[in-house]
Amino acid sequence: MTGELTSLPDIEPNRLQVIKNLNPRPPPPSSSLVFGQIFTDHMLTIPWSANNGWEVPKIQPYGPLHLDPSCTVLHYAQTLFEGMKAYRDENGKVTMFRPDMNMKRMLTSAQRIALPAFNGNALLELIKELIRMDKNWIPQEPGYSLYVRPTFIGTQKALGVGPPNEALLFVICSPVGPYYPQGFKPIALYGTTEFIRAAPGGTGGFKLGANYAPGVVPQKDAATKGYAQNLWLHGPEHYLTEVGTMNLFVVFKKENGALELVTPPLDGMILPGVTRDSVLALARSHVSGKSKLSGLPSDFVVSERPVTMSEVKAASENGTLVELFGAGTAAIISTVDRVGYLGEDVLIPTGPDGMGPVARVIWRELVGRQFGTIPSEWTVTVAES
């Protein structure tokens, strides 16, 4: 013993152990896929302990986890997750879309609930290896992808709220089809004032498991009223925050004829979505002239500002509301045709194809970059074929 401080090991891809599944299954027909129901042959696990730091990462056959009944995740919801996708282009090349953003958000979420820090680049390299092992599960058909779910849980075997002395990071994968296989279908939202999704100073800006289960009852309530999802409203002013589990965008027509794309600011209640950031980046690139997007007007404004239901309702009534849509990893873009609000429906314009003029362009540009038909610095190669 020298008395010198030593750092505990971080995640180290060169320590990876691979245990192949000796009974691999054939992927199911793509037409039979239901989101999140089928999983690939392998998963990635990386345990952590306060004594040893990050331990040996393993890619092993997909199967149950072995958890002690006293684990902190089971009692105090000490868990977070991410959602990302791997895509296959027409030449068989496998790519991911901005996975570095997911790694950064995952680390931020971990810090919020006292889970240990990790090297996001190292974790991403291990996730790539998992995808390469199970790349035959990525469907060949256009619009299909492999959904990748990194999850991080506290596994300390003791009751008591505090930073855990043990944790487990694991990654599973699921082949998925397009969110709207029959074409875009706008959804109806219920402007929810009886429940809140998040509050200032809370955890709404982090991708924690604890943020999701409380939304199930409000969603069921909205469904009984004839609406597909909740439009989460906050405060007596009824500020728009999120759509279900997606970020929110509204397009207004200004007095001078310009279109304004609006999304609520990241005030701690709004999840910093990767798709949200991508929509804003594409729109701002168009505005700056760096990369003009065919179909968007030259007179275009991008705003991160608060927006209330009274503003949306007034715009619907006076004809200056252009569209409203959600944005997220699963659906990419989800358009809206009406919002139930205080006993009446606020009507939202949509085009004959179910999309508005801005959502249509943004969706085209996002999907093109995700599936490789539009070259992009956001594309990260996993396997050439």
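Phe195 is partly exposed, with a relative accessible area of 31%; buried means under 20%, exposed over 50% and partly exposed in between, using a 1.4 Å probe and protein chains only. This is a predicted model, in which local features need pLDDT of at least 70 and side-chain atom pairs count only at pLDDT 80 or more, while totals for chains, interfaces and linings use all residues. Residues are numbered from 1 along each chain as its sequence is written, and side-chain values use heavy atoms, with hydrogens and water left out.

**Phe195**

- Phe195 lies in the loop between strand S10 (187–192) and helix H4 (216–224); helices (H or I, at least four residues) and strands (E, at least two) are DSSP runs numbered from the N terminus.
- Not counting residues up to four places away in sequence, Phe195 touches Val217, Pro218, Asp221, Trp232 and Leu233, where contact means heavy atoms within 4.5 Å.
- Asn230 is 35 residues from Phe195 along the chain, and their C-alpha atoms are separated by 9.7 Å.

- Ser334 is buried, with a relative accessible area of 2%, and has its place in strand S17 (residues 332–341).
- Apart from neighbours within four places in sequence, Ser334 is in contact with Tyr180, Ile187, Met246, Phe325 and Gly326.
- With neighbours within four places in sequence again left aside, the contacts of Ile333 include Tyr180, Phe184, Met355, Ala359, Trp363 and Leu366.

**Nonpolar cores**

- The largest nonpolar core has 53 residues, of which Leu231, Leu240, Leu261, Met309, Val312 and Ile333 touch the most other members; such a core is a set of buried Ala, Val, Leu, Ile, Met, Phe, Trp, Tyr and Cys residues joined through side-chain atoms within 4.5 Å.
- Helix H7 (residues 357–370) supplies the largest share of this core, 6 residues.
- A second, separate core of 37 residues includes Ile11, Met106, Ala122 and Val171.

**Helices H2 and H3**

- The axes of helix H2 (residues 99–112) and helix H3 (residues 120–133) come within 9 Å and cross at roughly 125 degrees; axes are lines fitted to C-alpha atoms, for helices over the stretch in contact, and angles run from 0 to 180 degrees between N-to-C directions.
- That angle makes H2 oblique to H3, the term for angles that are not under 35 degrees (roughly parallel), over 145 (roughly antiparallel) or 65 to 115 (roughly perpendicular).
- Pro99, Met103 and Met106 of H2 meet Gly120, Leu123, Leu124 and Ile127 of H3 in the contact.
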